[in-house]
Amino acid sequence: MNTIFRKSMLSVAGLAFAGGVFAGPIAAHANPAADAKPVAAVQTVSKPQGDQSHISLNDEQTANAKAIIAATKKAGLPERAAVISIATSLQESKLDNLGHLGDMNDHDSLGLFQQRPSSGWGTPEQITNPEYSTTAFLKGLRQVDGWQDMPLTQAAQTVQVSAYPDAYAQWEQQATDLVAQHWNS
């Protein structure tokens, strides 16, 4: 590592440390109620990655988003799990519960999450049931260590194993908005 770069990094680290040392005592005397800022109902781990996509939803797609939220709540998981699930479904099927599409099918992929009976996700009837398919996705998500703190696309990809691992990120904002809108309804 060159000397100028190393010195720059040490300077930045020193400033960050000094800022923490000096801000700590000041922050301890702050009035938390006066300094509090409103917090969104659904928080993302970080700012959504990359350009965001958005589609208008019809009644069936909205019902499928609500079904994903209901299954997430029934599983006792937090809103973040619903955001990851909805973003995954937006990428995989645009929240359409897809049946067999003949030659247009990606192998034997079905349902909201494009799950495959041949990969052990369930029977075609199960996979095309929104509650079952969401529960199956969430079961996979629970097996991902640290999913709550990782970027949405990494959590979704670990469960789905897609040929397009970064594609889930584009749906994070719309999924977050849907969960915020429907979580308490």
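In this predicted model, the protein chain exposes about 10,800 Å², of which carbon and sulfur atoms supply 56%. Of its 185 residues, 35% count as buried. The secondary structure comes to eight helices and zero strands, so that, read from the N terminus on, the elements run α-α-α-α-α-α-α-α. Among the contacts in the protein chain with a separation of 6 or more, 62% are accounted for by residues 24 or more positions apart.

The N-terminal end of H6 is capped by Asn129, a side-chain oxygen of which lies 2.9 Å from the backbone nitrogen of Glu131. Along the helix, the buried residues are Pro130, Ser133, Thr134, Ala136, Phe137, Leu138, Gly140 and Leu141. These buried residues pack against four helices, namely H3 (59-74), H4 (79-93), H5 (124-127) and H7.

Helix H7, one of the partners of H6, is largely enclosed by the rest of the structure, because seven of its nine residues are buried. The buried residues in H7 are Leu152, Thr153, Ala155, Ala156, Gln157, Val159 and Gln160. Their packing partners are H4, H6 and helix H8 (172-182). Just after H7, Val161 takes a positive phi of about 55°.

Gln160 deserves a paragraph of its own. This residue is found in H7, which spans residues 152-160. With a relative accessible area of 14%, Gln160 falls under the 20% cut-off and is therefore buried. Its side chain takes part in polar contacts: one of 3.5 Å joins it to the side chain of Glu92, while a polar atom of the Gln160 side chain also lies 2.9 Å from the backbone oxygen of Phe113. Leaving aside residues up to four places away in sequence, Gln160 touches Thr88, Glu92, Phe113, Trp121, Phe137 and Tyr168.

Conventions. Residues are numbered from 1 along each chain as its sequence is written. This is a predicted model: local features need pLDDT of at least 70, side-chain atom pairs count only at pLDDT 80 or more; totals for chains, interfaces and linings use all residues. Side-chain values use heavy atoms; hydrogens and water are left out. Helices (H or I, at least four residues) and strands (E, at least two) are DSSP runs, numbered from the N terminus. Buried means under 20% relative accessible area, exposed over 50%, partly exposed in between (1.4 Å probe, protein chains only). A polar contact is a pair of N or O atoms within 3.5 Å; within protein, one must be able to donate a hydrogen and the other to accept it, and residues adjacent in sequence count only if both atoms are side-chain atoms. Contact means heavy atoms within 4.5 Å. Accessible areas come from the Shrake-Rupley method with a 1.4 Å probe; for residues, only the protein chains shown count as cover.
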